[in-house]
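Welcome! Take a moment to look over the sequence and the 3D view, and then follow this short tour.

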Amino acid sequence: MATSALIISISQPGTFGNRYHFLPLAVLHPKSVSDISTTVKHVFKMGSTSQLTVAARGHSHSLQGQAQAHQGVVINMESLQGPEMQIHAGELPYVEASGGDLWINILHETLKHGLAPKSWTDYLHLTVGGTLSNAGISGQAFKHGPQINNIYQLEVVTGKGEVVTCSEKQNAELFYGVLGGLGQFGIITRARISLEPAPKMVKWIRVLYDEFSKFSNDQERLISSKDSFDYIEGLVIINRTGLLNNWRSSFNPKDPLQASRFISEGKTLYCLEIAKYFNPDESDIMNQKTESLLSELNYIPSTLFLSEVPYVEFLDRVHLSEIKLRSKGLWEIPHPWLNLLIPRTKINEFAQAVFGNILTGNSNGPILIYPVNKSKWNNRTSLITPEEEIFYQVAFLSSAMPSSTGKDGLFHILAQNQRILDFCSKASIGAKQYLPHYSTQEEWQTHFGPQWEVFVRRKSTYDPMAILAPGQRIFRRK
Ligand code: FAD
């Protein structure tokens, strides 16, 4: 182990979920991959005489203590210093990044070469290893698949401490296992991420619908058409006063007078959020294309709002909210989020039961909803999705006010999440949790369904002592 690798014994709580605090015995700040492999190898060799576990900690923004290890070793991946981030131009450009690199830093580095990753998360201050252990889903996923489908190669430290390079062609079982594998098979130390030419600007558009079926039909049409937008998401907005007025701080209404007459209060509305990338010299073509795409949609005409922003500003948009929330002490509060993947044939039933019904308001945080095409997703990874060709990502992104016992309190929000889950189960919606969280192995088995056997087999091959990522609570240490 490099002498500069530091082991200290302090608490490393989750920084965003802020509900789970398991104290580790030690925290490793690795300076090299060999620091990580030596540590894991040592724990592996202790065998069942020890109950020590090891958790890679990315930016620790998972919500239920997934990056923690009770009485174990936490590896602070952001300390890992590998070779500099390397960008390779050419026909299939890529960047080689460390598992502990933040996506925002990858964006800034690749932009120096006029390139950028294709698929993102809505928030970029997360690590490569952290999002690749889940999927990395955002408004580009309908076109490029999630982040885990845009990786050419990984370097991984397995649960035996071996350092293995893997890709579609080399150690493919480990490669696909680790992608979406919830940290169960290895620690990602390097990733080769596919890139595309980066645009300079983004046309960013919002429109509203008051009928769910019109909204979802348009979303589905857009994700299936060939020359569509570059980013497609959506939001549910329940009983919000002065909604369009608030939008004016970042967007311009196409028809200011009509927009000012629009009343959002008391309504359940669906906001389609779309974006088209462009370079300033292609502005005219982009505007023509955008207008033609918009002309085919059935939104409420007075609610068309547009904006043009630099690409970086668009991708890093959530960071602005973070700065504001942090200044009010509202970032590091509990976030009882619920993320579901819902099959297309059940989305109307789901929407009717949940929006404006189980949920009568969404003042606790945004609700995202948008469809993706499974054909763009590689089904060999460990990620579990519904069976159907099109499914929706539905994200209830609530914040809970500390010590509140009211509707904005943790207890109330958790009970509401449970009602949504109960409805899904009773109505056989076929939902799958994204960023899944369960407390028993039976529940995990149900989550994985027919894929459970593969998951267990991969675990016994790559982490037979169940040392890695104990915070996911899938396997017990052997
Ligand atoms: P951590 O919380 O540190 O780790 C998550 C899990 O991965 C843990 O089990 C950990 O042990 C394991 N892990 C960490 N690093 C490694 C590694 N190098 N190798 C192997 N395992 C590792 N997700 C989306 O898909 N789309 C979004 O749009 C999106 N938006 C978000 C917005 C916000 C504000 C936040 C807080 C989260 C968002 N997420 C989104 C969820 C996010 O992708 C996951 O929570 C992710 O795990 C967080 O990354 P992290 O670096 O904080 O990981």
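A polar contact here is a pair of N or O atoms within 3.5 Å. With that in mind, an oxygen atom of the ligand sits 2.7 Å from a polar backbone atom of His 61. Please keep in mind that this is a predicted model. The protein holds 15 helices and 19 strands. Its radius of gyration is 22 Å, close to the 23 Å that the globule rule gives for 478 residues, so the protein is as compact as a globular protein of that length.

**Overall dimensions**

- Along its principal axes, the C-alpha trace of the protein spans about 70 × 55 × 45 Å.

**Around the ligand**

- There are 32 residues around the ligand, and the ones that come nearest are Ala 56, Ser 62, Thr 127, Ile 137 and Tyr 434.
- On its own the ligand has 970 Å² of accessible area, and the protein covers 96% of it.
- Strand 3 (54-57), helix 3 (128-132) and strand 10 (186-197) are the elements that give two or more residues to the shell around the ligand.
- Sorted by class, that shell has 17 polar, 13 nonpolar and two charged residues.

**The second largest pocket**

- This pocket has a volume of about 780 Å³.
- Its lining is made up of 29 residues, and those that lie nearest the centre of the pocket are Leu 338, Leu 421, Gln 433, His 437 and Tyr 438.
- At least two lining residues come from each of strand 16 (338-343), helix 13 (410-426), strand 19 (432-433) and helix 14 (441-448).
- Which element gives the most to the lining of this pocket? Helix 13 does, with seven residues.
- By class, the lining of the second largest pocket divides into 13 nonpolar, 12 polar and four charged residues.

**Cavities**

- How many cavities of 30 Å³ or more are there? The count comes to two.
- The largest cavity has a volume of about 90 Å³, and 13 residues line it.
- Nearest the centre of the largest cavity lie Gly 180, Leu 383, Ile 384, Pro 436 and His 447.
- The lining of the largest cavity has eight nonpolar and five polar residues, with no charged residues.
- The second largest cavity holds about 30 Å³ of space.
- Lining the second largest cavity are Gln 184, Lys 459, Ala 466, Leu 468, Ala 469, Pro 470, Arg 473, Ile 474 and Phe 475.
- By class, six residues in the lining of the second largest cavity are nonpolar, one is polar and two are charged.

Conventions
Residues numbered from 1 in each chain as written. Predicted model: local features only at pLDDT ≥ 70, side-chain atom pairs only at ≥ 80, totals over all residues. Heavy atoms only, no water. Near = heavy atom within 4 Å. Polar contact = N/O pair within 3.5 Å; in protein donor to acceptor, adjacent residues only side chain to side chain. Areas by Shrake-Rupley, 256 points an atom, 1.4 Å probe, with all protein chains shown as cover. Helix = DSSP H or I, 4+ residues; strand = E, 2+ residues; numbered from the N terminus. Nonpolar A, V, L, I, M, F, W, Y, C, P; charged D, E, K, R; others polar. 1 Å grid on protein atoms, 1.4 Å probe; cavity = no way out; pocket = protein on both sides within 12 Å on 5 of 7 lines; lining within 4 Å. Points joined across faces, edges and corners; volume = space filled by probe spheres on them. Rg over C-alpha atoms; globule rule 2.2 N^0.38 Å.
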